[in-house]
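Please consider the model shown below. The paragraphs that follow lead through its charged pairs, its sheet, its helices and its core.

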Amino acid sequence: MEGFNHSGVSEFVLLGLTDSPELQIFFFVMFSVFYLLTMSGNCLILLTVLCTPHLHSPMYFLLSNLSLIDMCLSSFATPKMIMDFFTEHKTISFEGCISQIFFLHLFTGTEIVLLISMSFDRYIAICKPLHYSTIMSQRVCVGLVVTSWTVGFLHTMSQLAFTLCLPFCGPNVVDSFFCDLPLVIQLACIDVYVLGIFMISTSGVIALVSFLLLLTSYVIVLVTIKDHSSTGSSKVFSTCTAHFLVVLMFFGPCIFIYVWPFTNFLVDKVLSVFYTIFTPFLNPLIYTLRNQEMKMAVKKKLSNQYLNLGKTSPRYPVQSIS
């Protein structure tokens, strides 16, 4: 990577979310709790799906992969941000900054394609139930997951190939809590406005098109079940509404930030928190823990762990006092 970095910049300064000591303490506590809950919730879901045979279905296979991606997405920058709240001089090396850009676009690109795959799975289950087992075979499910990671990798490499060729020799202050492409390439020593707009806007266009595809799939599903019983229709409508809320929280900030890059809006920093911290936290609650089958499996696994812990705990005989 040093071979690409023909510049005098060896590190970048991250301004973080705020300079207020009081807010830094508040954010430290809040984001630490969010991060721990995100990791434990997604890890619990992943282990529950792996260890529960009757959850080895296409829907839960895709959901478990979503939990894995969410753990990765919440870990590429959040731990450093939490530690930086008590660091006066917040810096990150050039290599670390490029790594954050790589993992950000890898995980977000992968999650976008995986969310589309999940909506396709629900579309087949509701609109073509008789052909569901044939269409959503194990081979197709694995192919969807592999395609998601492949698209994410190709997307992030296309962004990095452009960034690594830029010279950085002057300012090195990034007005955010992590390195993001629109902020970093503005620090290059050459004029990259036109080419940068094209490169970054492709991410926004991808997010926008993917969002429209997801919106279309939800509309088709709702139209399909409108003639069903009111109980079933209301349940599907409630589920689709909850899913769409998370999709909106993930895609909304991505579209806003990347369709209009090079805009120094304070809201960009706030929106970055949504798709890197809040969305990975909400996904387990919305996609899985609202599901009755998943809730029962999680409760059973937790109760089994509690019983096993009770069996392995040492028991001491009670001696009577004579």
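Is Arg-122 buried, partly exposed or exposed? Arg-122 counts as partly exposed because its relative accessibility is 27%; here buried means under 20% relative accessible area, exposed over 50%, and partly exposed in between, with a 1.4 Å probe and protein chains only. The model is a predicted one, in which local features need pLDDT of at least 70, side-chain atom pairs count only at pLDDT 80 or more, and totals for chains, interfaces and linings use all residues. Residues are numbered from 1 along each chain as its sequence is written, and side-chain values use heavy atoms, with hydrogens and water left out.

Arg-122 takes part in a salt bridge with Asp-121, at 2.9 Å from N to O. A salt bridge is a side-chain nitrogen of Lys or Arg within 4 Å of a carboxyl oxygen of Asp or Glu, and the structure holds 3 of them. Asp-121 is buried, since its relative accessible area is 1%. Another salt bridge joins the side chains of Lys-269 and Asp-175, at 2.8 Å from N to O. This pair links distant parts of the chain, 94 residues apart: Lys-269 belongs to helix α10 (residues 266-288), while Asp-175 sits in the loop between β3 and α7 (181-184). Helices (H or I, at least four residues) and strands (E, at least two) are DSSP runs, numbered from the N terminus. Lys-269 is buried, with a relative accessible area of 10%, whereas Asp-175 is partly exposed at 42%. A salt bridge is also formed by Lys-80 and Asp-84, whose closest N and O atoms are 3.3 Å apart. Both residues lie in helix α3 (residues 78-84), 4 residues apart, which is about one turn of the helix. Asp-84 counts as buried, at 8% relative accessibility.

The sheet comes next. Its 3 strands form an open arrangement in the order β2-β1-β3, with mixed pairing; two strands pair if DSSP finds at least two bridges between them. β2 (91-93) and β3 (173-174) stand at the edges with a single partner strand each, so one side of each has no neighbour in the sheet. Strand β1 (residues 11-14) runs parallel to β3, and 2 bridges join them. Within β3, Val-174 is the bridge partner of Leu-14.

Helix α4 lies across β1 and β2, at about 85 degrees to β2. For this angle, axes are lines fitted to C-alpha atoms, for helices over the stretch in contact, and angles run from 0 to 180 degrees between N-to-C directions. Ser-117 has its place in α4 and counts as buried, at 4% relative accessibility. Not counting residues up to four places away in sequence, Ser-117 touches Leu-62, Leu-144 and Ser-148, where contact means heavy atoms within 4.5 Å. Leu-144 and Ser-148 are among the buried residues of α6, which also include Gly-152 and His-155.

The largest nonpolar core has 83 residues, of which Phe-12, Phe-31, Phe-168, Phe-251 and Tyr-287 touch the most other members. Helix α4 (residues 94-127) gives the most to this core, with 13 residues. A nonpolar core is a set of buried Ala, Val, Leu, Ile, Met, Phe, Trp, Tyr and Cys residues joined through side-chain atoms within 4.5 Å. Leaving aside neighbours within four places in sequence, Phe-251 is in contact with Ile-112, Leu-115, Ala-207, Ser-210, Phe-211 and Leu-214.
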